[in-house]
Amino acid sequence: MKALETISLSYTYPDGTKALENINFAAEKGEKIALLGPNGAGKSTLLHHFNGLLTPTSGKIYVLGREVTKANIDYVRQKVGLVFQNPDDQLFAPTVIQDIAFGPRNMGLPPKEIEERVTWALEVMELKGVESKHPQKLSQGQKKRVAIAGVLAMKPEIIALDEPTANLDPKAVNKILELLLKLNQELGITLIIATHDVDFVPLCADKIYVLSNGKTVLEGPLKEVFSNTETLRSVDLRLPRIAHLFEILKVKDKLPIGNTLPLTIGEARKEVLGLLHVKPEN
Ligand code: ADP
């Protein structure tokens, strides 16, 4: 069954801005999907539809096979956790624990269950030690992890994140990546990650939708989408830097590089060792 699906979704803001046009998006259960697009492409607008924050001007949305309507909005908000780009828009309780407890409390769960879920979410998101702190006193990376813990405590099946690496230093980006992959691999959570960071996409996703001006311009598995270099460049995106390097080595330097360019350091290492006829050690 599909975790999330949109059928011909279009959205126009009240001021007349056409933000989305005819979007057909689908996420299978357990997939990791990137919504890639330059600023203003419509990524946030689409994410806000996934848990009913916005209602389509036309078209439909299905969460786990059920159409999203006003009547089942509580079900949708429990199943689809949305993590905003700026944690300051999401965190407002005086302590980390109270912030994470907010969602489960809203669901009307008994106090013991709320406590168990908060403890579990703190553990999964590696926040032990900061639970009594004021969220505003945390680092940007910790704030982001508290925001994710808050949606995790509602036990969602899908987590949609808006620019999860925005304003993070490299170490915090690596930590968020590691934790997101854990949520997907160990808990089976479907991830939908909106980003304009093309270098991050091959690390966090196996399928991509490329948005530009509110429309889907490319969709498919990583390798397939990143082989459409011209289309990506025409919508103000680029190849991941690693792939760009290998494109130059192939086109300018005529090195015998295959049709699919490496997208990550691991893939690039294999390609280089292959070119040098050296067997990788592991
Ligand atoms: P992205 O997340 O890809 O940067 P957005 O979804 O934020 O893109 O924006 C898509 C389009 O909708 C842009 O043209 C943006 O200016 C417009 N937009 C976003 N929010 C609003 C709003 N509240 N009112 C009117 N237009 C908006």
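With which side chain does the side chain of Glu247 make a polar contact? The partner is the side chain of Arg233, at 3.0 Å; a polar contact here is a pair of N or O atoms within 3.5 Å, where within protein one must be able to donate a hydrogen and the other to accept it, and residues adjacent in sequence count only if both atoms are side-chain atoms. The structure is a predicted model, in which local features need pLDDT of at least 70 and side-chain atom pairs count only at pLDDT 80 or more, while totals for chains, interfaces and linings use all residues. Residues are numbered from 1 along each chain as its sequence is written, and side-chain values use heavy atoms, with hydrogens and water left out.

Glu247 belongs to helix H10, residues 241-251 (helices are DSSP runs of H or I with at least four residues, strands are runs of E with at least two, and both are numbered from the N terminus). With a relative accessible area of 17%, Glu247 is buried; buried means under 20%, exposed over 50%, and partly exposed in between, with a 1.4 Å probe and protein chains only. Not counting residues up to four places away in sequence, Glu247 touches Thr229, Arg233, Leu239, Lys252 and Leu261, a contact being heavy atoms within 4.5 Å.

The next stop is the ligand. The residues around the ligand include Tyr13, Asp15, Pro38, Asn39, Lys43, Ser44 and Thr45, where a residue is near a molecule if one of its heavy atoms lies within 4 Å of it. Helix H1 (residues 43-50) provides the largest share of this shell, three residues. Oxygen atoms of the ligand lie 3.0 Å from a polar backbone atom of Gly42, 2.9 Å from an N or O atom in the side chain of Lys43, and 2.7 Å from a polar side-chain atom of Ser44. Taken alone, the ligand exposes 560 Å², and the protein buries 61% of that; accessible areas come from the Shrake-Rupley method with a 1.4 Å probe, and for residues only the protein chains shown count as cover.

Helix H6 covers residues 170-187, and its 18 residues should span 26 Å at 1.5 Å a residue, which agrees with the 25 Å between its end C-alpha atoms; the expected span is 1.5 Å times one less than the number of residues. Among the buried residues of H6 are Ala172, Val173, Ile176, Leu177 and Asn184. Their cover includes strands S3 (32-36), S7 (158-162) and S8 (190-195), along with helices H4 (111-124), H5 (140-152) and H7 (201-204). After H6 comes Gly188, with a positive phi near 70°.

Strand S8 contains Thr190, which counts as buried because its relative accessibility is 2%. Apart from residues up to four places away in sequence, Thr190 touches residues including Ala3, Ala27, Gly30, Glu157 and Ile159.

Pro94, in the loop between strand S6 (80-83) and helix H3 (96-106), is partly exposed at 48% relative accessible area. Pro94 and His134 are 40 residues apart in sequence, yet 5.2 Å apart in space, C-alpha to C-alpha. Asn167, in the loop between S7 and H6, has a positive phi near 65° without being a glycine, and is exposed at 64% relative accessibility. Lys254, in the loop between H10 and helix H11 (265-275), is not a glycine either and has a positive phi of about 60°; Lys254 is exposed, with a relative accessible area of 65%.
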